[in-house]
Each structure stands twice: as C-alpha cells, then as structure tokens.
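Here are my notes for your first read-through. Keep the viewer open and click along as you go.

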Amino acid sequence: MKDTFLWGGSTSAFQFEGGAKEGGKGMSFYDTISANAKAAAENTESWMGSNKTKDYSVTSDFYHHYEEDIQLMAEMGFRAFRMSIAWTRIFPDGDGEINPQGIAFYRNVFSLLKVNHIEPVVTLYHWDMPQSLIDRYHGWYGIETVNAFVRYAETCFREFGEYVRYWLTLNENNMTVMIPAFGTGMKMSKDDPAYESFKYTVYHHTNIAHFAAVKKCHEMIENAQIGCMFASALAYPLTSDPQDVLMARNHNQKLNYDYLDLLTRGRYTPKNTYEMNRAGFWISEEDQDLFADPNAIIDFISFSYYYSVCAGTEQNAADENAGTVQMMYQAMSNPRLKQSSFGWTIDPVGLRILMNDLYDRYQLPVMIVENGLGVKDDVLTEDGKVHDDYRISYLREHIRAVKAAVDEDHVECLGYLPWGCIDLYSASGDREKRYGFIYVDYDDDCRRYRKDSFFWYRNVIATNGKDLV
Ligand code: BGP
C-alpha cells in the first residue's frame, strides 16, 4: 500500500450533521419528514416504505460536535474524511440567495480538517433534496433543479475549492433507475404507461447534473479530482448453468455497468438508448455534447460495497417491497456465505473481485467510500466501552481483500473510507443500526465513546495496513 493511501471514514449530512434549524439552513426532504408525520408517511412511500426514522433534526449532531469529532479522527490517524454538504445549508431554497452562515460552517470544518492533515472527500448530493425544489419542480423531475444544482456545485467549488481536492457528485445515483420517485414528491406506479418516460426523465436529469458538475469542477479547481458514487451489487451466477451466468451478467450490466459506462464513455449504452427511445425519451444534442466532453469525465470511480448477491433462473424477481432499498438487490442468497443480522451477505472476496473488474474495465483508480458492518449489537458498558469484535473481524477481512487487490493484483486504489465511522442514523431508518468506530449516545446529548474498533483501526492506519490483528 502506498503511503498516500487514504485511510479514513465516511458520513452524510442528513444522517450525521443535525443542526437542522440552525445557521439559516433551509428545509430538505428529510426535514419535512422530521416536521410533519403526514408528509413523512407520504414521502417514505417513495423510499419503499422502509424509513422508520421520523426525526432527522439532530442525528449525531456533528453541527455542534465537529471540533471534537475531527480531534477523534485525528487521534485515529485518519487521512481522509468523507462528508456531504447539505445543499439547503448553502441555498436554503435550493436556489435563490446564498446563506453565508452555511458557507462559514463548512469553511470552519474544512480548515480544521486541513490543520489536522485530513483530506475532505466531499459528496455534493447525498439525497437531501431541498424541499422547495420538490414543491416547485418535483426535484430531479424538473430541469430547473438541474440548473439549481449546477449553481450550487459552482458555489461549493468556488467557496471550498481551496480546501477540498476530492469531490463526489451524486450519492449512489445508479439506484435512481430503480427508485426514480425518491425525493421528487411524486407517486408513479410501475404499471402506469408514463412510468418509463418518468423514470428516464429523472435519471437523465441527474446525469446532466453529474456531467455538468464534473466539468465545472475541472474548470474551477486546479488539481481537483472528482468521482462518481455508485452502489455496487456484484452478482455471481448461482450455478454453472449458462442461463444463470447470463442472468448474473445482465444484473451486473444493468445495476453497475450501464451507469459507469455512461460516466466513463460519455454516452448511454446502445441498449439503454434503445430503451429510452422506446419510452419516448430522446437526448438532445446539447446534452450529448456535454456528456462527450472529456472535461466532464470522472477521474476515479468510487463506490459503496456491502455485499454480493447471486443470480439464477430459479430466483424470485428482486423484491420491490423489500424492507430496505439495499435489500431490493438481494436476489438469491449465496449458500456458501454468511449474512449479517440485517440479511446482507458478507463477502470480502467479492470486494477484491469488484475492484479488479472495475479497474480492468475502466483503467481509472478506484476509491471505496462505503463499506462496513451495520448491526444493533453494540452495547455501551458502564465504564464507557463497546466491545465490537464482530466489526473488527468484518473490517479486517475486507481490508485484507483491498490489500490483495492493491498489492497482488495491482489495482490502483486511492482509499478506504468505511461507512458511518462515527455512529449515525441508518438510511433505512433504524438509528440503532450502527457502523462506527465511535459510539454516539443519542439519548445523552450525543456523547461520543471510543469502541474497541477505534483502537484497532488506529493501529491499522499507523502501520499502513500491515498490522490487522
Ligand atoms: C448506502 C447509503 C448510505 C448508508 C448506507 C448503509 O446506500 O449511501 O447513506 O446509509 O447505504 O445503509 P443503511 O443505513 O441502510 O444501513
């Protein structure tokens, strides 16, 4: 592993930052959930009915704890920290007036990270769509939202470019094809004849936003590196039956590669184009030109990896009513592998396979920006400890896989940023599903406690991944 390898951790604003009503922040989709149970019920329908959390206004309260948190990260030896900017802290209405307090907040965070030699890895959009843009334009369904996003991205590049070198555009945007209604405030049944056109409109708009932001970033910040963020769901054929192999291939193409092919080659795949046209959706020349602009192509591929899946002819179709969005991917479980208590298959070798596949296919560096074990098993002892050996074993095996991919397979990997490094609210709605090296006591002013994994990870970083015991 190179000395420059970015060891660190990862978070997002709506799950971690809190301070929802402070510093001039406007309402996002998640603040609407916090404020209004009825709106929550309506909104969560588009989140597959899975979201049990009803209040995102405080979460882990990074807003008030950031100095302490950065200190803790520095103590662990973090070289990078992934966080997202809350769009509504910069533009309370998504567009319109800039909020200077929001700019000041993030400048404070970034400059403190810099003092501590921690590289920020910043996601521009981690699902917290400004409510005002939902009300006026149905979120990404309206092209106006794309324009607002580009202005927001430009503002971030201008205001924070001196601190932030690594940027990510839209979190797990390959999932938009599966859940286009999410964050639009719209309901659309898959049986509706207009559904396909709706789906591609939303998806295409998010892609314009992505390409435009990448281009601006390259134009505005010297030496910036900007990547995507896609949710990986590597599929294996359940058996050696060629039909199963074909199904697994198709799964990987549809859920992973259709999106990455677009982002790296600057055009939709022929099959995607055909499907879009069939749905009555055509891409303008202007958009095609933007996508084909070499300046609008990402510098690295970053992704979340939690599990692998199996595909086979005997499988049931993906369960669209599954408890979490992530579970929708879970086709057949792998008879050779164990699952976490949340039903996610634990497969470190899959991470090595995926890293190789991505690097071979695109010849771009990769960055793992989410990975980890979310469980409800953490117990805070009376003397303020959390004995999370299960987390250590999970991470140890995954880091071994990363090392093998780098040292033996020669995959260029920029960093490893496990998810929820300080406990945060789960996206699927259960705040007791914890991932962190640091425990957050939500019922006691969000006090922080170092878990056993904190000391273990500190040693991993100090030895640059050599000592994993
Ligand atoms: C990814 C999201 C994150 C995060 C993670 C873990 O899909 O980018 O926001 O939450 O999954 O999922 P969960 O919180 O459901 O355990």
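Predicted model: local features only at pLDDT ≥ 70, side-chain atom pairs only at ≥ 80, totals over all residues.

1. Let's begin with H4 and H6. Helix H4 takes in residues 62-76 and helix H6 residues 100-115, and their axes sit 10 Å apart at an angle of about 10°. Angles under 35 degrees count as roughly parallel, so that label goes to H4 and H6.

2. Who touches whom in this pair? On the H4 side you'll find Phe62, Tyr63, Tyr66, Glu67 and Ile70, and they meet Phe105, Asn108, Val109, Leu112 and Leu113 of H6. Sort the residues of this contact by type and you get eight nonpolar, one polar and one charged.

3. Now jump to H15 (residues 389-408) and H16 (residues 452-462). These two helices pack with their axes 10 Å apart, at an angle of about 25°. H15 and H16 are therefore roughly parallel to each other too, and H15 passes H16 in a right-handed crossing.

4. For the H15 and H16 contact, pick out Arg391, Ile392, Leu395, Arg396 and Ile399 on H15, then Asp452, Ser453, Trp456, Tyr457 and Val460 on H16.

5. The axes of H9 (residues 195-220) and H12 (residues 285-292) come within 9 Å and cross at roughly 45°. The crossing of H9 and H12 is left-handed.

6. H9 brings His204, Asn207, Ile208, Phe211, Ala212 and Lys215 to this contact, while H12 brings Asp287, Leu290 and Phe291. Those residues of H9 and H12 come out as five nonpolar, two polar and two charged.

7. Finally, have a look around the ligand. How many residues surround it? There are 15, and the closest are Glu172, Ala427, Ser428, Lys433 and Tyr435.

8. The side chain of His126 has an N or O atom 2.9 Å from a ligand oxygen. For Asn171, a polar side-chain atom lies 2.9 Å from an oxygen atom of the ligand.

How values were computed. Residues numbered from 1 in each chain as written. Heavy atoms only, no water. Axes fitted to C-alpha atoms, helices over the stretch in contact; angles between N-to-C directions. Helix = DSSP H or I, 4+ residues; strand = E, 2+ residues; numbered from the N terminus. Left-handed = near helix turned anticlockwise from the far one by under 90°. Contact = heavy atoms within 4.5 Å. Nonpolar A, V, L, I, M, F, W, Y, C, P; charged D, E, K, R; others polar. Near = heavy atom within 4 Å. Polar contact = N/O pair within 3.5 Å; in protein donor to acceptor, adjacent residues only side chain to side chain. Parallel < 35°, antiparallel > 145°, perpendicular 65-115°, else oblique.
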